[in-house]
Amino acid sequence: MVVSEIMAQQTPVARVVGPWTTWMDHWPSPGHLAVEPPGAAVAAWGRLGYPRRALRLHEAASRMVERHGGEVPADLAALESLPGFGRYTAAAVFSFAFGGRAPVLDTNVRRVLARVEDAVEFPPTSASAGEWRRAGEWVGVLEGTPGAPEPALWAVASMELGALVCTARTPACALCPLQSDCAWVGAGRPRYAGPPRRTQAWHGTDRQCRGVLLDVVRRADADGLAVDASRLLAGWADADQARRCLDGLAADGLVRVGPDGVRL
Ligand code: SF4
């Protein structure tokens, strides 16, 4: 549960299945991962992207061994304090793994609630305290809320509604069970009028460059080899960008640059 949530944070689920299966075969518990060097986690991360998540997962496993007896803590505050766990990830694990009651507010749920309650096509760029409070009211975080839904069922239902029906570009309002209560539909589906929405660039970015460099190091590491730094940098057209990205990878602890070359 923890591994799949962290892997799926910024990677489509279809790409997560293979690496997740391999990961769980190797490290079925936090204790199994914690005894490995961090580089092993980076190597197993493969091409899932945002590889700092592998290091955070390794740190979280170590923390669980140190403070929670090698178990995933069944406590929302303890989950939120783990490395790599944001509020969403902690709530998802708390809800799905332990049946806890917490708002699981992902991008899809934010969009549904913004349309149903605020009559806007898209929510603001980042989730506000008000959005979290409202999401908590929907799932009945207050003790004894009458008619509160079963938390994991509510979480998966609201996430799937956003992913499959209330989609960003073509919401299928005619199929939606909330249509008669939806403020955005009631207002005539007004188009988004806020600031430009962020689109994630890829080609030529530092993120792409880091991924390319790390992939070369990872493949060499699988054969027990280091990569000569100058040869590694020569594989990217922009030498300044390559140097900056290699320095960044080293600063993040994703690679080690030594006299024999670059390793995980
Ligand atoms: S009625 Fe349309 S806009 Fe409203 S929640 Fe359903 S799919 Fe989304």
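Reply: Buried means under 20% relative accessible area, exposed means over 50%, and partly exposed covers what lies in between. Please keep in mind that this is a predicted model.

Me: Which class does Trp 138 fall into?
Reply: Trp 138 has a relative accessibility of 27%, so it counts as partly exposed.

Me: And Trp 154, which class?
Reply: Trp 154 is partly exposed, at a relative accessible area of 24%.

Me: How are the rings of Trp 138 and Trp 154 arranged as an aromatic pair?
Reply: They are stacked, with 5.5 Å from centre to centre and 25° between the planes. Trp 138 belongs to helix H9 (residues 129-139) and Trp 154 to helix H10 (residues 151-165), so the pair ties together parts that are 16 residues apart in sequence.

Me: How many aromatic pairs are there in the whole structure?
Reply: A search of the whole structure gives four. One of them joins Trp 23 and Trp 45: the ring centres are 5.9 Å apart and the planes stand at 80°, so this pair is edge-to-face.

Me: Where do Trp 23 and Trp 45 lie?
Reply: Trp 23 is in helix H2 (residues 13-26) and Trp 45 is in helix H4 (residues 38-45), so their pairing ties together parts 22 residues apart in sequence. Trp 23 is buried, with a relative accessible area of 1%, and Trp 45 is buried as well, at 0%.

Me: Which residues form a cluster with them?
Reply: Trp 23, Trp 27 and Trp 45 make up one aromatic cluster.

Me: What sits over the ring of Trp 184?
Reply: The charged end of Arg 115 does, at 4.9 Å from the ring centre.

Me: Back to H9. Which of its residues are buried?
Reply: In H9 the buried residues are Glu 131, Trp 132, Arg 134, Ala 135, Gly 136 and Val 139. Their cover includes helix H7 (87-98), helix H8 (107-118) and H10.

Me: What follows H9?
Reply: Gly 140 follows, and its phi is positive, near 70°.

Me: Since H10 has come up, is Ala 155 buried or exposed?
Reply: Ala 155, which has its place in helix H10, is buried, with a relative accessible area of 1%. Apart from neighbours within four places in sequence, Ala 155 is in contact with Ser 95, Phe 96 and Val 104. Ala 155 and Val 139 are separated by 16 residues in sequence and by 8.0 Å in space, C-alpha to C-alpha.

Me: What does Val 165 touch?
Reply: Val 165 is also found in helix H10. Not counting residues up to four places away in sequence, Val 165 touches Glu 160, Thr 170, Pro 171, Ala 172 and Cys 176. Between Val 165 and Leu 233 there are 45 Å in space, C-alpha to C-alpha, and 68 residues in sequence.

Me: Change of topic: H14. What span should it have, and what is found?
Reply: Helix H14 (residues 239-251) has 13 residues, which at 1.5 Å a residue should span 18 Å; the end C-alpha atoms are 18 Å apart, so the two agree.

Me: Which residues of H14 are buried?
Reply: Gln 241, Ala 242, Cys 245, Leu 246, Gly 248 and Leu 249 are buried in H14. They cover an arc of only 160° around the axis, which means that they lie on the same side of H14.

Me: Why would residues three or four places apart point the same way?
Reply: An α-helix has 3.6 residues a turn, so residues at that spacing point the same way.

Me: What do the buried residues of H14 pack against?
Reply: They pack against helix H12 (206-222), helix H13 (229-234), strand E1 (256-258) and strand E2 (261-263). The face of H14 turned away from the buried side carries the exposed residues Ala 239, Asp 240 and Ala 251.

Me: What caps the N-terminal end of H14?
Reply: Asp 238 does, through a side-chain oxygen that lies 3.1 Å from the backbone nitrogen of Asp 240. Just after H14, Gly 253 has a positive phi of about 80°.

Me: Finally, how many helices and strands does the protein have?
Reply: The secondary structure comes to 14 helices and two strands. Of the 264 residues, 39% count as buried.

Technical notes
Residues are numbered from 1 along each chain as its sequence is written. Side-chain values use heavy atoms; hydrogens and water are left out. Rings of Phe, Tyr and Trp (its six-membered ring) pair if their centres lie within 6.5 Å; planes under 30 degrees apart count as stacked, over 60 as edge-to-face and the rest as tilted. Helices (H or I, at least four residues) and strands (E, at least two) are DSSP runs, numbered from the N terminus. Buried means under 20% relative accessible area, exposed over 50%, partly exposed in between (1.4 Å probe, protein chains only). A charge sits over a ring if NZ of Lys or CZ of Arg is within 6 Å of the ring centre and within 35 degrees of the ring normal. The expected span of a helix is 1.5 Å times one less than its number of residues. The arc is that of the directions from the helix axis to the C-beta atoms. Contact means heavy atoms within 4.5 Å. A polar contact is a pair of N or O atoms within 3.5 Å; within protein, one must be able to donate a hydrogen and the other to accept it, and residues adjacent in sequence count only if both atoms are side-chain atoms.
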